[in-house]
Structure formats: C-alpha cells, structure tokens
Amino acid sequence: MRKDRLFNEMREISFEKDFNLHAEGSCLVKFGNTQVVCTASIDEKAPHWLKNTGKGWVTAEYGMLPRSTNTRIDREASRGKQSGRTQEIQRLIGRSLRSITNLENLGERQIKIDCDVLQADGGTRTASISGGFVALYLAVKKFKENYNIQKPIIKEFIGAVSSGIINGKGNLDLDYQEDSAAEVDANFVICESGKIAEIQVTGEEYFFSEDQFDEIFKLAKIGIKEILNKQKEVLGLS
C-alpha cells in the first residue's frame, strides 16, 4: 500500500520550458524526485543516408550524471563506451519522438534531443520522452517561425509513463523502490489520439495474465492524460 498517493495517481509532475539558454528548445521535467533536462538542437544537415531524399530525422542521446543516483556512477565517456541500457533508452526516445514528427515537412535537417538525468528515482526514460517532446515542440515552433513554414511538423502530442504490478495490484508511475519490488514492470508510450508508439512490459521472474496487462494499461492511459495536459499547460495551449 502506498503511503503518499493512491494506486492510480501519478507522482507530482512538472515541466519547465526554456530551461536552457542556448538550445532551440529545452525543458526541465520532474516526475517526483526524478529530474531530467531535455534539450532539442536543430542541425541543418540530415544524416548521410537521407541525403537527397527530402526527409529529415529526429534522434536522441541519453545520459545519467555521476550523482544522479544514491552512489556515484562513472561517466560513460570515461569508460569509452555507452552501456547497453543507455543505448536502448536513447533509441526508445528517438523512436518515440520520430513517430509524431512529419519528417518530410522537416526537410533535410536533423533534430537532436539530449536527455540528461540530474536525479534518478525511477521512470527516467518515461520522463525523458515526455520532457523531450516539450523540447522538440519548442524547437519546431521556433524553426517554423524563423523560416515562415506553414506545413505541420508535429503530428500530435505524445507522453510516456510506467505502471506495474506490486503484490498483485496495479500501480501507476513507479518510483525506484516500487520498480525494484514490482512483479511486472511496464513502460507505455502513447499519443494523444490513443495510438500506441511503444509498449515495454516484463514479468520480473513472474508470469502475468491478460487481465493484469489490461489493468496496468488502463492505469497508463490515466497517467498519459495527465502528462499531456501538463505539457499543453506549459506550452500555453490548455
């Protein structure tokens, strides 16, 4: 039983736009004690494999600062390579944000989303996607204004949230302690239209039933609705 919130409640979430002075778009996102700085930078060159296609690209990089966790972690640059976890998360962020971007209308440009975890307490990938969208939206808005582009580039809003089964009961937006104790752990990336960009779900040494999956999916949709409302609020669209 949670002490601070109900099973179907999010942690306190917030988005602070224009957090970075230099980036075309930026956001400080907080999911409870998890805090991530997300920036969006526009590169006037698309990746080489898209040359002369007329299409652009959205990609992401993800990293955790040394004291983002309760013990210091080495910078991956000092080890000379990224961990498999880091690569998997940044690919997820990139896929998610590409899914709601009209790459043809972007033209042969690349938008790079950088997500740097200041403080980790579970849900860093879902916070990164949700905050990364705000940074992307702001960068695209500035780009369209500067070039007087009328074609839509952002198709729709998108957010991500975790949910899981703990002691046989569904819970929304797991913190680190809950995530560690979960029998089932899932991350849902869902668009405003209800279309699903990605679902990651794992039975942590347990099996789970279709009914249990439906339970955590319904919880995720509650969380996504709150996230999208907060995104629109900070962007002045609510």
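Predicted model: local features only at pLDDT ≥ 70, side-chain atom pairs only at ≥ 80, totals over all residues.
Residues are numbered from 1 along each chain as its sequence is written, and side-chain values use heavy atoms, with hydrogens and water left out. Helices (H or I, at least four residues) and strands (E, at least two) are DSSP runs, numbered from the N terminus.

**The five-stranded sheet**

- An open sheet with mixed pairing is formed by five strands in the order β1-β2-β3-β5-β4, where two strands count as paired if DSSP finds at least two bridges between them.
- At the edges of this sheet stand β1 and β4, each of which pairs on one side only, and the twist from one strand to the next averages 20 degrees, taken between axes that are lines fitted to C-alpha atoms (for helices over the stretch in contact), with angles that run from 0 to 180 degrees between N-to-C directions.
- β2 (25–31) and β3 (residues 34–43) pair in the antiparallel sense over seven bridges, with V29 opposite V36 in β3.
- These two strands, β2 and β3, form a hairpin with two residues between them, and G32 in the turn has a positive phi of about 60 degrees.
- β3 also pairs with β5, in the antiparallel sense and over nine bridges; V36 has V117 as its bridge partner in β5, and V37 has D116.
- Seven of the ten residues of β3 are buried, which leaves the strand mostly covered; buried means under 20% relative accessible area, exposed over 50%, and partly exposed in between (1.4 Å probe, protein chains only).

- β8 and β9 run antiparallel and are joined by seven bridges, and the partner of V184 in β9 is G203.

**Helices**

- Helix α4 (residues 124–147) has 24 residues and reaches 34 Å from its first C-alpha to its last, close to the 34 Å expected at 1.5 Å a residue, the expected span being 1.5 Å times one less than the number of residues.
- Since 18 of the 24 residues of α4 are buried, this helix is largely enclosed by the rest of the structure.
- α2 has 15 residues and reaches 21 Å from its first C-alpha to its last, close to the 21 Å expected at 1.5 Å a residue; its buried residues include T86, I89, L92 and I93.

**Residues with a positive phi**

- Most residues other than glycine have a negative phi.
- D18, which is not a glycine, has a positive phi of about 55 degrees and lies in the loop between β1 (13–17) and β2.
- D173, also a residue other than glycine, has a positive phi near 55 degrees; D173 is placed in the loop between β7 (169–172) and α5 (176–181) and is buried, with a relative accessible area of 0%.
- Just after α4, N148 takes a positive phi of about 50 degrees.

**The largest pocket**

- About 890 Å³ of space lies in the largest pocket; on a 1 Å grid over the protein atoms alone, a cavity is a set of points where a 1.4 Å probe fits but cannot get out, whereas a pocket is an open set with protein on both sides within 12 Å along at least five of seven lines, and lining residues have an atom within 4 Å of a point.
- Grid points are joined across faces, edges and corners, and a volume is the space filled by probe spheres set on the points.
- The largest pocket is lined by 38 residues, and Y62, M64, R85, A120 and T124 lie nearest its centre.
- β4 gives the most to this lining, with four residues, and among the other elements that each supply at least two are α2, β5, α4 and β8.
- The lining residues divide into ten nonpolar, 15 polar and 13 charged, where Ala, Val, Leu, Ile, Met, Phe, Trp, Tyr, Cys and Pro count as nonpolar, Asp, Glu, Lys and Arg as charged, and the others, Gly among them, as polar.
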